[in-house]
Amino acid sequence: MNSHRELDDYQLIVRALSDRIVEAQTPIRVLDAVKWDDALRQTFLKHKGKEPPAVDRDYYAGRPLAFDAAAKKLEFQNIERDITRQLGQFSPVGQIMRRMCREYRMVIRMLEARGTADFGLISQELYGAASDAFHAGDPTLADLGLMFSDFLNNIDSRGDLKDEPKTLTAKDAVALLQSRLNLVFGENDGTIRVFESDGILADAAAGADYIKIRADALFNERDVKALEVHEGLVHVATTLNGQNQPVCTFLAKGPPSSTVTQEGLAILMEVIAFASYPSRLRKLTNRTRAIHMAEQGADFLQVCDFYREQGFSLEDSYGNASRAFRGSTPDGLPFTKDLSYLKGFIMIYNYIQLAVRKGKLEQIPLLFCGKTTLEDMRTLRQLVDEGLVSAPRYLPQQFRDLNSLSAWMCFSNFLNHLSLDRIEADYANIL
């Protein structure tokens with residue numbers, strides 16, 4: 001990170017408070033705290049998927065948090081109090097930092113509630129629920145998931161859009177992804193590293209300056225392109241841009257509200273870089289549907305059966321279902337983080353569309369200046385003007401030159417006013 005050199009007194013105060021938030025959140029690792037150990041998977045497979053995983057309150061008690069929850073909540077409360085004392089009640093940057101402190105306290109409360117009903121309820125507060133609508137009268141996330149499933153079923157029935165065979169090993173994928181990212185981030189300074197890892201649930205996961213590839217996973221070139229765009233050009237880039245902030249260092253770290261923005265931005269990037277594909281969209285849609293099923297009372301075995309019916313193996317079905325129930329119990333409310341992908345995509349898409357409509361294009365690249373949250377975007381514009389936030393250093397080409405994106409959104413704004421049902425009826429004789 002940049003040094004304190006050449007900062008004025010006010011900037012030094014903001015920087016010190018920001019650094020305290022970054023330091024305080026360091027031991028909080030949500031996914032590590034909620035994940036299930038491999039022994040559960042092995043037992044589940046041994047019993048041929050007939051018995052739910054033995055996960056309850058006591059299970060999590062045997063896997064204590066890596067920090068003192070009470071002391072950590074107090075630490076964030078003290079930081080929040082000092083932000084108000086030193087910056088005032090109405091400081092824009094202070095309001096962002098105070099909200100982050102409150103979010104982290106809520107995250108800790110959620111982790112303390114692992115294995116109880118409160119876990120799922122707090123998860124919904126932080127990440128939303130599948131039954132949430134975007135606006136009054138609009139479809140919910142669950143509706144969106146079902147709609148996408150119908151479209152994907154129509155595509156599947158064609159039979160000629162199947163995925164290419166996954167012939168790349170993790171080692172192959174690491175080499176290919178590293179070479180592609182070197183073109184973006186530079187290869188001489190070691191800005192970003194790609195390596196194999198055993199301990200992750202997903203095929204890949206991004207850290208501050210690295211991407212881990214699951215050692216036993218197989219890939220094709222389309223998968224690697226999606227990882228390049230999703231993990232590299234968005235997740236790693238926004239982390240590095242946050243770390244390059246001279247004052248607002250908190251932008252390098254993301255509370256749950258930024259997860260929605262991050263994942264939405266990553267999915268949007270996949271779409272506009274032509275890196276997405278039907279089976280990948282199916283994966284995101286299934287995650288939304290699985291969470292909605294659990295919210296409606298389905299248990300782990302029922303969600304597992306939902307995946308089995310789509311042709312997934314018992315082992316893959318277990319892995320997919322466990323994403324929805326990690327942190328909870330096999331018959332409890334779900335962990336709703338995986339709603340962030342589709343929810344974030346819709347929210348980011350709408351934001352960019354409105355920015356183009358109102359001629360505020362300068363707002364759009366600021367989505368990449370760190371782990372941002374949509375509700376903070378107007379404030380971030382102000383903080384850039386005040387010299388508290390730096391413009392993003394690493395920016396995908398699609399956001400560096402906004403010509404094509406703006407043209408697309410202009411057409412999109414118009415098309416949104418057309419009735420697709422009416423068009424479908426009119427086109428019935430030619431399609």
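D216 is exposed, because its relative accessible area is 61%, above the 50% cut-off. Its side chain takes part in a salt bridge with R214, where the closest N and O atoms are 2.6 Å apart. The model is a predicted one, and the count of salt bridges in it comes to 25.

A second pair is formed by R193 and D209, whose side chains meet in a salt bridge at 4.0 Å, N to O. R193 lies in strand β1 (residues 193–197) and D209 in the loop between β2 (204–206) and β3 (210–214), so this pair ties together parts that are 16 residues apart in sequence. R193 is partly exposed at a relative accessible area of 43%, and D209 also counts as partly exposed, at 27%.

A further salt bridge joins the side chains of R20 and D82, with 2.9 Å from N to O. Here R20 belongs to helix α1 (residues 9–25) and D82 to helix α5, so the parts tied together are 62 residues apart in sequence. R20 is partly exposed, with a relative accessible area of 32%, whereas D82 counts as buried because its relative accessibility is 12%, under the 20% limit. Salt bridges with shared partners join R20, R81, D82 and R85 into one network.

Helix α5 (residues 69–87) also holds Q86. Q86 is partly exposed, at 42% relative accessible area. Setting aside residues up to four places away in sequence, Q86 touches I13 and L17. The C-alpha atoms of Q86 and I13 are 7.6 Å apart, although 73 residues separate the two in sequence.

Next comes helix α7 (residues 117–127), in which F119, G120, I122, S123, L126 and Y127 are buried. Viewed down the axis of α7, these buried residues fall within an arc of 165°, so they line one face of the helix. They pack against α2 (30–34), α6, α11 (256–272) and α15 (340–357). A117 and E125, on the other side of α7, are exposed. After α7 comes G128, which has a positive phi, near 95°.

Beyond its neighbours within four places in sequence, F399 is in contact with L265, L268, M269, I272, I352, I364, P365, F368 and L405.

Which residues does T288 contact, leaving aside its neighbours within four places in sequence? They are A130, L141, L339 and L342. T288 itself is placed in helix α12 (residues 278–295), and it counts as buried because its relative accessibility is 1%.

The last stop is on the surface. F411, F414, L415 and L418 form a nonpolar patch there, with about 440 Å² of accessible area together. F414 has its place in helix α18 (residues 403–415). With a relative accessibility of 51%, F414 counts as exposed, the cut-off being over 50%.

Notes: Residues are numbered from 1 along each chain as its sequence is written. This is a predicted model: local features need pLDDT of at least 70, side-chain atom pairs count only at pLDDT 80 or more; totals for chains, interfaces and linings use all residues. Side-chain values use heavy atoms; hydrogens and water are left out. Helices (H or I, at least four residues) and strands (E, at least two) are DSSP runs, numbered from the N terminus. Buried means under 20% relative accessible area, exposed over 50%, partly exposed in between (1.4 Å probe, protein chains only). Contact means heavy atoms within 4.5 Å. Patches are made of residues with over 30% relative accessible area and no salt bridge: like charges are joined within 9 Å, nonpolar side chains (Val, Leu, Ile, Met, Phe, Trp, Tyr) within 5 Å. Accessible areas come from the Shrake-Rupley method with a 1.4 Å probe; for residues, only the protein chains shown count as cover. The arc is that of the directions from the helix axis to the C-beta atoms.
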